[in-house]
Amino acid sequence: MKQIVLIALLSVICLAKEPPGNTCNRPSPGSVVPEPEDLRGHDGVLKVDLTIRNTEVNGTTRYCYVDANGNQSPTLRLNPGDLLILHLKNDLTATDPTAPHAMHMPAGKSSNPCLSGAMTATSTNLHFHGLTIPAVCHQDDVVKTSVSPRDAPFEYRFRIPADEPPGLYWYHPHIHGFSKVQVLGGASGALIVEGVERANKEVAGLPERVLIIRDQDLLNPNAPASKSEPVVPRLLLDRDGDAANNGTGFGKPAKDLSINFVPVPYPDYPPAAIVMKPGERQLWRVLNASAITYLNLEVLFNRKPQPLGLVALDGVPLDQNGKSADLVSWQTHLGVPPGARVEFIVQGPPAGVQGLLVTRSVDTGPGGENDPNRAIATITASADAPEPRSTLAVSPTPIPAPTSAWLGDVVPVRTRKLYFSEKLTDPNNPNSATEFYITVDGKTPAVFDPRSSLPDIVAQQGTVEDWIIENRSNELHAFHIHQLHFLLLDYLGKPVNEPFLRDTVNVPYYKDNMLVYPSVRLRMDFRDPNVVGTFPYHCHLLEHEDGGMMGVIRVEAPLGAKARQTPSF
Ligand SMILES: [Cu+2]
């Protein structure tokens, strides 16, 4: 009886409205899914002032980007060729000086944000995930760039490349050791390169919705699982203190989810609300901005999965090989690792039928977190539903065909093998911290060292390479590289024939009885001149990235373009 009262009380607490004007305010569970504010430029220039703030609420820290009008996480909308001028003000305050990995900058050290490299709880920067822009300061460098609260607003200034594929990209902080806490707290937003309807006329004229699914600390960490769930045999914590994968698809998740900041808390997952005109087709542009949670999205009508028409993945329209014009890939579920994006056509339910956006459970392996089945949002049909704010052009000019050869047809100059692995800092103590590695085969595994100036890999601009990424750990990882997209060639040793590119991909986990390590083979595209520079590749589970699962590649200008060559690693 006591327990029932307690649960009722907890739901009242987590449903209570927040006072307006608070830093990083969030909607109540069950709210209508709000649309992020759209920021569009004029005459090819978008100027944005963003401030990053944080605040402590019930023992967890929220982070938010706020624009000059007080909008949280606005969507930056740019056309290919547009200039973005973004001033980032750091208003972060220290909330937990004892946080792990806290590497405070020595007092008095001069702070040039371009050279700082400071990785502290109150430093921040921006990564523009997916864009093929230079990895240099004021554009998309995250290795050295670090903005402190003492700094004046820091200017990001770059042009969206004229040939950047139209689609959904995103911005988030990338300070090694602190990426997880800032992103988990809500520091993320969408960036749209306009013109997806120019690449695929199937979406011309459709209303579009940006849906950002984030994870956050559990609102009700001590609540027992909902009575409507099957009894779950075990609840274990993994070495990071999150609920471990129990292999049932149910039970306590490692993190709660939110959709456009409407929380959907464990244990009852009260869904957020989406209202559509009956039977209306819309383009849903979904970003998994979670720090550690995998998604496998489904739309159900009367418990039956509905077809979802995938048109773009990781910001890139599907028809990239020049042979599959206006390709729509109809799927009943879409797996989305942390960092990835899916853009798909969804048809709203007919009048009188309620739909449900859910994530199916994702098997993250015996060492992974628990990502159970759960509801995210109801989809209600209503004739007077307001239209989404933005509608794609009805008669767009088709986008020019790519000028470079299809990546799948280019001969790679070499093949490299890298592997994910993990180790306890004290092999005799199962409760000791885990070190996370991504290692070039043949080298000794080591956690990412931000002080090292030696790249792990050197490649030449103008070439393509094949990379085999193995997983030698017993949990799922999500491989991501900055500045470029790659083609998935093989998955688990079997060729796949994808006519599109990705910037984030799952690498399945290893189990003790397997004869070979699970792997993916990727064709890495270093042809674009913008990829010259030094930038990271890492696991996009930010807990793993912060824990060392990151490496750095230096892409050099083509041979002959330089007087002195650096030996290849
Ligand atoms: Cu990982």
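This is a predicted model: local features need pLDDT of at least 70, side-chain atom pairs count only at pLDDT 80 or more; totals for chains, interfaces and linings use all residues.

Q: How many helices and strands does the chain have?
A: Look for the secondary structure elements and count them. Here there are four helices and 35 strands.

Q: What percentage of the residues count as buried?
A: Burial is judged residue by residue, with a cut-off of under 20% relative accessible area. The chain has 569 residues, and 58% of them count as buried.

Q: What do the contacts in the chain say about sequence separation?
A: Take contacts between residues at least 6 apart in sequence. Of these, 77% join residues at least 24 apart.

Q: Now a sheet. What is the order of the strands in the open sheet of six?
A: Read across the sheet, strand by strand. The order is β26-β25-β28-β33-β30-β31, and the pairing is mixed. Then find the edges. They are β26 (434-440) and β31 (494-495). Each has a single partner strand, so one side of each is left without a neighbour in the sheet.

Q: How do β25 and β26 pair?
A: Check the direction of the two strands. β25, residues 415-424, runs antiparallel to β26, and seven bridges link the pair. For one spot to look at, find Leu424, which stands opposite Thr434 in β26.

Q: Where does Tyr419 lie, and is it buried or exposed?
A: Tyr419 is in strand β25. Its relative accessibility is 8%. The cut-off for burial is under 20%, so Tyr419 counts as buried.

Q: Which residues is Tyr419 in contact with?
A: Leave aside the neighbours within four places in sequence. The contacts of Tyr419 then include Tyr437, Ile438, Glu470 and Arg472. Arg472 shows how sequence and space can part ways. Tyr419 and Arg472 are 53 residues apart in sequence, with their C-alpha atoms 6.6 Å apart.

Q: What is a disulfide?
A: It is a covalent bond between the sulfur atoms of two cysteines. In this structure, a search of the whole model finds two.

Q: Which cysteine is joined to Cys24?
A: Its partner is Cys64, with an S to S distance of 2.2 Å. Cys24 lies in the loop between α1 (2-15) and β1 (38-40), and Cys64 in strand β3 (residues 60-67), so the pair ties together parts that are 40 residues apart in sequence. The angle about the S-S bond is -80 degrees, and the link of Cys24 and Cys64 is left-handed. Cys24 and Cys64 are both buried.

Q: What about the link of Cys114 and Cys137?
A: The sulfur atoms of Cys114 and Cys137 are 2.0 Å apart. Cys114 lies in the loop between β5 (83-90) and β6 (127-129), and Cys137 in the loop between β6 and β7 (154-159), so this pair ties together parts that are 23 residues apart in sequence. The link of Cys114 and Cys137 is left-handed, at -85 degrees. Both cysteines are buried. Counted along the chain, the bonded cysteines follow the pattern 1-2, 3-4.

Q: Which residues coordinate the copper ion?
A: For a metal site, list the donor atoms. The copper ion has His477 (ND1), Cys539 (SG) and His544 (ND1), at 2.0 Å. Their spacing along the chain is H-x61-C-x4-H. His477 lies in strand β29 (residues 477-481) and Cys539 in strand β34 (residues 533-539), so the pair ties together parts that are 62 residues apart in sequence. His477 and Cys539 are both buried. For Cys539, the relative accessible area is 0%.

Q: Where is Met549, and what does it touch?
A: Met549 sits in the loop between α4 and β35 (550-556). Met549 is buried, at 0% relative accessibility. Among the residues it touches are His477, Cys539 and His544. The C-alpha atoms of Met549 and Cys539 are separated by 6.0 Å, and the two residues are 10 apart along the chain.

Q: Last one. Which side chain does Glu543 join in a polar contact?
A: Glu543 is in helix α4 (residues 542-546). Its side chain joins that of Lys180 in a polar contact of 2.7 Å. Glu543 is buried, at 9% relative accessible area.

Definitions and conventions. Residues are numbered from 1 along each chain as its sequence is written. Side-chain values use heavy atoms; hydrogens and water are left out. Buried means under 20% relative accessible area, exposed over 50%, partly exposed in between (1.4 Å probe, protein chains only). A polar contact is a pair of N or O atoms within 3.5 Å; within protein, one must be able to donate a hydrogen and the other to accept it, and residues adjacent in sequence count only if both atoms are side-chain atoms. A disulfide is a pair of cysteine sulfur atoms within 2.5 Å. Donors are N, O and S atoms within 2.8 Å of the metal (3.2 Å for Na, K and Ca); water is not among the atoms, so sites may look incomplete. Contact means heavy atoms within 4.5 Å. Two strands pair if DSSP finds at least two bridges between them.
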